[in-house]
Amino acid sequence: MLLALVGVVAVGALFMVSRRGQDSGAPASPAPSQTSQPTSPSASTPEAAAQKNAQQDKTAAPSPDKGEAGSRGLPGPVAKALDAKKTVVILFWNRRGVDDRSVKHSVDRLSRRKGQVVKFTDSVKNLSRYTRITTAASISQTPAVVIVNKRGQAEVLNGYYDYQTINQFVSNASRRK
């Protein structure tokens, strides 16, 4: 009996230590500024410096793409909704997950609030298409609901949330100016 108790305590301690090691790791996605600017020896010429400054001005804009199909960082309809200063709700989900299907049903029920809220759902496999949002927001599991307010500030709800909670988060984001 004593050996069984010691075994249970040892397994519990091992589980806690392994979970703690996962939480204290590096961020899930690196900041885009770390790898976005390659260095080149020709940057010392005035023409190269002017071209580099023009390139930086384009990337410094809050929404560099205009929602065209194949735009970098976001799918076209999502970029258009953000450029129109609407509240955007994006659900990343897995069709096989029970919680995922329930959260999808909740997102589908959300009101569009007279066209001011736009809803999107996508598979977690396509997460890389949303780099403009996901580099700042940490998506660690499915379902994950990303709510972007009119100012472009994103909030992530990882895991299961019921309809009332998601609706309240969307209402709060819609009210922020």
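Guide: A nonpolar core here is a set of buried Ala, Val, Leu, Ile, Met, Phe, Trp, Tyr and Cys residues joined through side-chain atoms within 4.5 Å. Please keep in mind that this is a predicted model.

Visitor: How many residues does the largest nonpolar core have, and which have the most contacts inside it?

Guide: The largest nonpolar core has 16 residues, and Val 78, Val 88, Ile 90 and Ile 133 have the most contacts inside it.

Visitor: Which elements supply at least two residues each?

Guide: Helix H3 (76-83) does, as do E1, E2 and E3. The most comes from H3, which gives 4 residues.

Visitor: What is Ile 90 in contact with, leaving aside neighbours within four places in sequence?

Guide: Ile 90 is in contact with Val 78, Phe 120, Tyr 130, Ile 133, Ala 144, Val 145 and Val 146.

Visitor: And what other core lies apart from the largest one?

Guide: There is another core, of 14 residues, which includes Val 117, Val 145, Leu 157 and Tyr 163.

Visitor: Turning to rings, how many aromatic pairs does the structure hold?

Guide: It holds 2 aromatic pairs. One of them joins Phe 92 and Tyr 130 in an edge-to-face arrangement, 4.9 Å centre to centre with 85° between the planes.

Visitor: Where do Phe 92 and Tyr 130 lie?

Guide: Phe 92 belongs to strand E1 (residues 87-93), while Tyr 130 is in the loop between strand E2 (117-123) and helix H5 (131-134), so the pair ties together parts that are 38 residues apart in sequence.

Visitor: Is Phe 92 buried or exposed? And Tyr 130, buried or exposed?

Guide: Phe 92 is buried, at a relative accessible area of 1%. Tyr 130 is buried too, with a value of 4%.

Visitor: Which residues form the pair at 6.2 Å centre to centre?

Guide: Tyr 161 and Phe 169 do; this pair is edge-to-face, with 80° between the planes. Tyr 161 counts as partly exposed at 26% relative accessibility, and Phe 169 counts as partly exposed at 23%.

Visitor: What sits over the ring of Tyr 163?

Guide: The charged end of Arg 109 does, 3.8 Å from the ring centre.

Visitor: A change of topic: where is Asn 149 found?

Guide: Asn 149 is in the loop between strand E3 (144-148) and strand E4 (154-158).

Visitor: Why does Asn 149 count as buried?

Guide: Asn 149 counts as buried because its relative accessibility is 1%, and buried means under 20%.

Visitor: What does the side chain of Asn 149 reach?

Guide: It reaches the backbone nitrogen of Gln 153 at 2.9 Å. Not counting residues up to four places away in sequence, Asn 149 touches Lys 86, Ala 173 and Arg 176.

Key:
Residues numbered from 1 in each chain as written. Predicted model: local features only at pLDDT ≥ 70, side-chain atom pairs only at ≥ 80, totals over all residues. Heavy atoms only, no water. Buried < 20%, exposed > 50% of the residue type's maximum accessible area, 1.4 Å probe, protein only. Polar contact = N/O pair within 3.5 Å; in protein donor to acceptor, adjacent residues only side chain to side chain. Contact = heavy atoms within 4.5 Å. Phe/Tyr/Trp six-rings, centres within 6.5 Å; stacked < 30°, edge-to-face > 60°. Lys NZ or Arg CZ within 6 Å of the ring centre and 35° of its normal.
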